[in-house]
Amino acid sequence: MALVKYNDRSLRNLTTAPAAVTGNSPGALVHIKTLTASSSATLTFLHGSSDVVFNSTYPIYKLVYTSMHPSQQSIFSFQTTTDGTNYNTSVTSTSFGAYQNEGGSDTDLGYEAGQDQANGTAFQGLMSFGSNIADNDAAFSGELTIFNPSSTTFVKHWMSDLNFYGGSNYSQRSQHAGYFNTTSAITGIQFKMINSGNIDSGTIKLYGIKDS
Amino acid sequence: MAIRTAVNRALTAITALPTAAALTDGNLTLLTTLTASSSSAVTFDSSINSTYNSYQIHIIQAHCSADNKILQMGFRDGSTAYDATKTTTYFASQHKEDASGGALGYNTDQDQAQATGFLNISEALGADNDQCTNGIIEIFNPSSTTFVKNFIGRMSYNHQNDREMDVFVAGYCNVTAAIDGFQFKMDSGNIDSGTFKLYGVGPKQ
């Protein structure tokens, strides 16, 4: 049988590559797990559970939340665990944000003292100056980066950046950063709406950034 | 119709993977890892060229030996020195462990205006055993010989006064020469420990 030879055009419609070629991911950003909210009270990534990897395998982890929709107006938040059960790690954090209403009449940029923590153990809010509303088209998206959560030497720093649909029709960009003030390894991370209600829909993807 | 299965010899004419998002996806390619160990400087002086659209440097738990050190970054633009001219901005959000000092502000002490010195990216570092600085810095199209070279960065670190610092630094190297190297150092003393990783971003050009 004659050998059929392929060229670049032969491959232009491909959307995935074999794992043997790419090592399951074509780059250093490795997808680990996707959680899809469905009237969910919490969304949890815990190392060793449900195929989640959250340990020394990767030095940096990135979580990307897309089109998250709450069941009622509320603030998106997260916490971590060092014992696999209790999500209450001591955290010191900062919070600031910028906003503008749809009418273009109200804008601001500033620090939000109501949402920082000083060695607090509460869930860390990730929305400055407001909360995401529950209108059918209202959602928030963003990302969270955590540095070396498995370290037993250093505190664990993190950075968050998200945009949300705030009350009275505001676009609100929110920046948070901080550190979990523990030298114990962090083994899990949990998200929820901080006030009340569920996460109706949306996805959170956990990625690891390859070490080598 | 029977499935036609390719063999290696059938793919010898392939020179590039498809650019479909699922295959490239703005992904990262690790180029170099440098580990500081009482190092006077950490230097990336290769692999920075036109291969990738942009480059990221990930700084993971860099630690200094004494309080009040400044982690700095220099850009090389063709010579051996890391002294490319820069104009930059620097602002930060901060909050102390005792719940005081929550603030957001621009820091004119840390920015540069057409300066050639090393750029401060984390100042007044804490040196407690568990304190460190972390961040990601991205440099866009460093090999351009037409445009200035923009960069953005965000650092999260422990200030010597036990406060969280969330720093946003950005600017441009105001040169049309290619940027082909980066160097990190403390303003004095060594980088005790820490990991610095250089990534190419996105598909190869």
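**Stop 1: the aromatic rings**

Across all chains, a search of the whole structure finds 19 aromatic pairs. Keep in mind that this is a predicted model.

Select A:W158 and A:F180. Their rings form a tilted pair, 6.2 Å centre to centre, with 35° between the planes. This pair links distant parts of the chain. A:W158 sits in strand β9 (residues 156-166) of chain A, and A:F180 in strand β10 (residues 170-180) of chain A. The two residues are 22 residues apart.

Buried or exposed: which is A:W158? A:W158 counts as buried, at 0% relative accessibility. A:F180 is buried as well, with a relative accessible area of 1%.

Now go to chain B and select B:F75 and B:F182. The ring centres of B:F75 and B:F182 are 5.8 Å apart and the planes stand at 90°, so this pair is edge-to-face. B:F75 belongs to strand β4 (residues 69-76) of chain B, and B:F182 to strand β12 (residues 181-186) of chain B. The pair therefore ties together parts that are 107 residues apart in sequence. B:F75 is buried at 0% relative accessibility. B:F182 is buried at 0% too.

Back to chain A for a group. Select A:Y65, A:F76, A:F78, A:F140, A:W158, A:F180 and A:F191. Ring pairs link these residues into a cluster. Keep A:F78 and A:F191 from this cluster in view.

**Stop 2: a sheet in chain A**

Show chain A as a cartoon. Find the open sheet of four strands, in the order β2-β11-β4-β7. The pairing is antiparallel.

Which strands stand at the edges? They are β2 (43-46) and β7 (124-125) of chain A. Each has a single partner strand, so one side of each is left without a neighbour in the sheet.

- Four bridges join β2(A) to β11(A). Select A:L43: opposite it, in β11(A), stands A:F191.
- Six bridges join β4(A) to β11(A), and the two run antiparallel. Select A:F78: A:F191 in β11(A) stands opposite.
- Two bridges join β4 (residues 76-81) of chain A to β7(A), again antiparallel. Select A:S77: its bridge partner in β7(A) is A:G125.

How many of its six residues are buried? Five are, and the strand is mostly covered.

**Stop 3: chain B as a whole**

Switch to chain B. It has one helix and 13 strands.

Zoom out to see the overall extent. The C-alpha atoms of chain B fill a box of roughly 70 × 35 × 30 Å along the principal axes. Chain B has 205 residues, and buried residues make up 49% of them.

**Stop 4**

First, a rule to carry along. Most residues other than glycine have a negative phi. The next two residues have a positive one.

Select B:A99. Its phi is about 75°, a positive value, although B:A99 is not a glycine. Look for B:A99 in the loop between β5 (86-96) and β6 (103-106) of chain B. B:A99 counts as exposed, at 51% relative accessibility; the cut-off for exposed is over 50%.

Next, select B:N141. Its phi is positive, near 45°, and B:N141 is also a residue other than glycine. B:N141 lies in the loop between β9 (133-140) and β10 (149-159) of chain B. With a relative accessible area of 33%, B:N141 is partly exposed.

**Stop 5: cysteines**

How many disulfides are there over all chains? The count comes to zero. Select B:C64 and B:C132. B:C64 is in no disulfide, and the nearest cysteine sulfur, that of B:C132, is 9.9 Å away. A disulfide needs the two sulfur atoms within 2.5 Å. B:C132 is likewise in no disulfide. B:C64 counts as buried, at 1% relative accessibility. B:C132 is buried, at 2%.

**Last stop: the largest pocket**

Select A:K62, A:E143, B:Q56, B:I136 and B:E138. Of the 28 residues that line the largest pocket, these lie nearest its centre. About 610 Å³ of space lies in this pocket.

What kinds of residue make up the lining? It divides into 13 nonpolar, eight polar and seven charged residues.

Definitions and conventions:
Residues are numbered from 1 along each chain as its sequence is written. Chains are lettered from A and ligands numbered from 1 in the order in which they are written. This is a predicted model: local features need pLDDT of at least 70, side-chain atom pairs count only at pLDDT 80 or more; totals for chains, interfaces and linings use all residues. Side-chain values use heavy atoms; hydrogens and water are left out. On a 1 Å grid over the protein atoms alone, a cavity is a set of points where a 1.4 Å probe fits but cannot get out, and a pocket is an open set with protein on both sides within 12 Å along at least five of seven lines; lining residues have an atom within 4 Å of a point. Grid points are joined across faces, edges and corners, and a volume is the space filled by probe spheres set on the points. Ala, Val, Leu, Ile, Met, Phe, Trp, Tyr, Cys and Pro count as nonpolar, Asp, Glu, Lys and Arg as charged, and the others, Gly among them, as polar. Buried means under 20% relative accessible area, exposed over 50%, partly exposed in between (1.4 Å probe, protein chains only). Two strands pair if DSSP finds at least two bridges between them. Rings of Phe, Tyr and Trp (its six-membered ring) pair if their centres lie within 6.5 Å; planes under 30 degrees apart count as stacked, over 60 as edge-to-face and the rest as tilted.
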